[in-house]
Amino acid sequence: MKTNLARLLLLGQAQATIYDDGDTCFSVGAKQNVTFSQLLAWNPDVNTICSNIGNLTGASICISNPGGSFAIPSNSHGIATATTPAPIPSPTPAGTNSYCGQYHFVKAGEDCSKVTAKFSIALSDFLFLNSGVWKNCTNLLAEEYYCVLPVGSIKSYPGYGGTATTTAPFNQTSATALPNVGDVLANYTSSSPTIPIANGTRVDCFSYLVLDNITENSAANCWSLTNVYGISAEEFVLWNPSLANSNTVSSVNFSPATTTASGLVAKANPYAYPCTLSANTSYCVELMSPTIGPPPTATVKTPSPRATNESSDCTRWYLAKKGYTCQAFLRRFGLNFDQFFTMNPSIKSDCTGLAQGTYYCVSTPTIPDDDNDYTTTTSAPSTPTTSRPSMETTPSPVQSGMVGGCDRFYDVQPGDGCWAIANQYGIALDDFYAWNPAVGSDCHDLEAGVYVCVGTTAAGAPKPTTATTASPTKTTGGGGVVTPTPTQSGMVRGCGKFYRVQAGDGCWVIANEYGITTDDLYRWNPGLDGCNSLWPDYYVCVMLSGSD
């Protein structure tokens, strides 16, 4: 007996059997509580107007979603408020705010929509409290704790709601010259993962780094290594969670914001904490292969005119400009004279054959140059000093176009920068550019081995200043040595020599200048906090009383 009712078949997904030629998509949908569009979507054999359903008498059609039913979870927690921060659980990913009223442990299968619905928090607020989560929420990690409730009103949090859309004017900022450490991968061992792999490090990376020496290898510094591989600090810590510093990062995220003159809010760098790799441990440094197939072969462009009888395998040349000497080449490219002479025998053994306007070879596969924007093979940075005597006679060579009436000069060293020179000699950067127009308006053409003007009486420029001890205010033990003020907090007692910090100084430069280690500098001046709190115009201890 025929009937218009469809019978449900419990065969995996719910189905209905067509028993009557008079059944239509509308009649089946009404009986099974599904829509016309759903029936068409779940049954590709039914045409778009459902005119062929009469041909399916006796066949079964799907009346439920083949992919399963999905629904946003209901909020089982209600609207909550917090007046005090909750204890910070572990593990929490980088970027999770430590000033949090409640944390949620994300389980496998949960995503941002489920978490935000469960705790009645807007997605934008969730992302603000967990700045390490991307806007598309694809990096939400299972088995990690995330902040789901602010303490008090989230509107009271520094930086909440965005900042003004004005553009801050560019101001020259201070910089500290870094030492050239040579090949940072000199102690590179392997690119394949070895046991042990660092805790939590991804096991699907394309390339791993293993160091067997971390005491004499700058690649052991996390942030130096990110520069070598061209990856961000956030990526490196994400791939290697054991390198995260939860306490430091969390406290930085809620550190008081600094409002600049332009009205913009400046926040501290969450990856400024000290970070060092462990020896003989694998770390992920590349997530996927950077290239497909063999790398392209670079074509060496040869300039003209070049020196006669130069090395046939030369890979780089440099032009001998006006006033250039062999010494200028050696300084700039980190070569010794035998190497330079081997590549360019036409200069003769006494360098009398060096000709202006000629390109000379400065690198071969066996004698690579070490020039990288004026860096050399020296292990310490070459920074301007004020120990050079004032000169009444103009030295040679000088930068072309130098201002007349200059009475103080500086011999540019490889690694120098215009701001560092101007700052060391107490002159404005604009004055330095005006007195030495050949360096360009952005210091691009500053040349090593050539003198520049750093003082002129006619222009009323100030003379260079050196750090001197201030008027004594108290004495300590150690032979009655007078302690100047102000000093860095916590300075060791019995200090025998002091240095007044200048803008742009760095701890390594100060320690190197006084022949001490940075460990000594930090131990005698604990207020430096790993050089994060080196304050200009404050005195630091650079030698204990009784030391040579």
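Predicted model: local features only at pLDDT ≥ 70, side-chain atom pairs only at ≥ 80, totals over all residues.

**Exercise 1.** Determine the handedness of the disulfide between Cys326 and Cys351, and locate its two ends.

*Solution.* The S-S torsion of Cys326 and Cys351 is about 90°, so this disulfide is right-handed. Cys326 belongs to helix H8 (residues 326-333), whereas Cys351 sits in the loop between helix H9 (337-343) and strand E12 (359-363); the pair thus links distant parts of the chain, 25 residues apart. The sulfur atoms are 1.5 Å apart, which is within the 2.5 Å cut-off for a disulfide. Both cysteines, Cys326 and Cys351, are buried.

**Exercise 2.** Assign the handedness of the disulfide between Cys222 and Cys275, and state what the pair ties together.

*Solution.* The torsion about the S-S bond of Cys222 and Cys275 is about -60°, so the disulfide is left-handed. Cys222 lies in helix H5 (residues 222-229) and Cys275 in the loop between strand E9 (265-266) and strand E10 (283-286), so parts 53 residues apart in sequence are tied together. The S to S distance is 1.9 Å. Cys222 and Cys275 are buried.

**Exercise 3.** Classify Cys62 and Leu238 as buried, partly exposed or exposed.

*Solution.* Buried means under 20% relative accessible area, and exposed over 50%. Cys62, at 12% relative accessibility, therefore counts as buried. Leu238 has a relative accessible area of 32%, so Leu238 is partly exposed. Leu238 is found in helix H6 (residues 233-239). With Trp134 and Leu141, Leu238 forms a nonpolar surface patch of about 240 Å² accessible area together.

How values were computed: Residues numbered from 1 in each chain as written. Heavy atoms only, no water. Patch = residues over 30% accessible without salt bridge, like charges linked within 9 Å, V, L, I, M, F, W, Y side chains within 5 Å. Areas by Shrake-Rupley, 256 points an atom, 1.4 Å probe, with all protein chains shown as cover. Salt bridge = Lys/Arg side-chain N within 4 Å of Asp/Glu carboxyl O. Helix = DSSP H or I, 4+ residues; strand = E, 2+ residues; numbered from the N terminus. Buried < 20%, exposed > 50% of the residue type's maximum accessible area, 1.4 Å probe, protein only.
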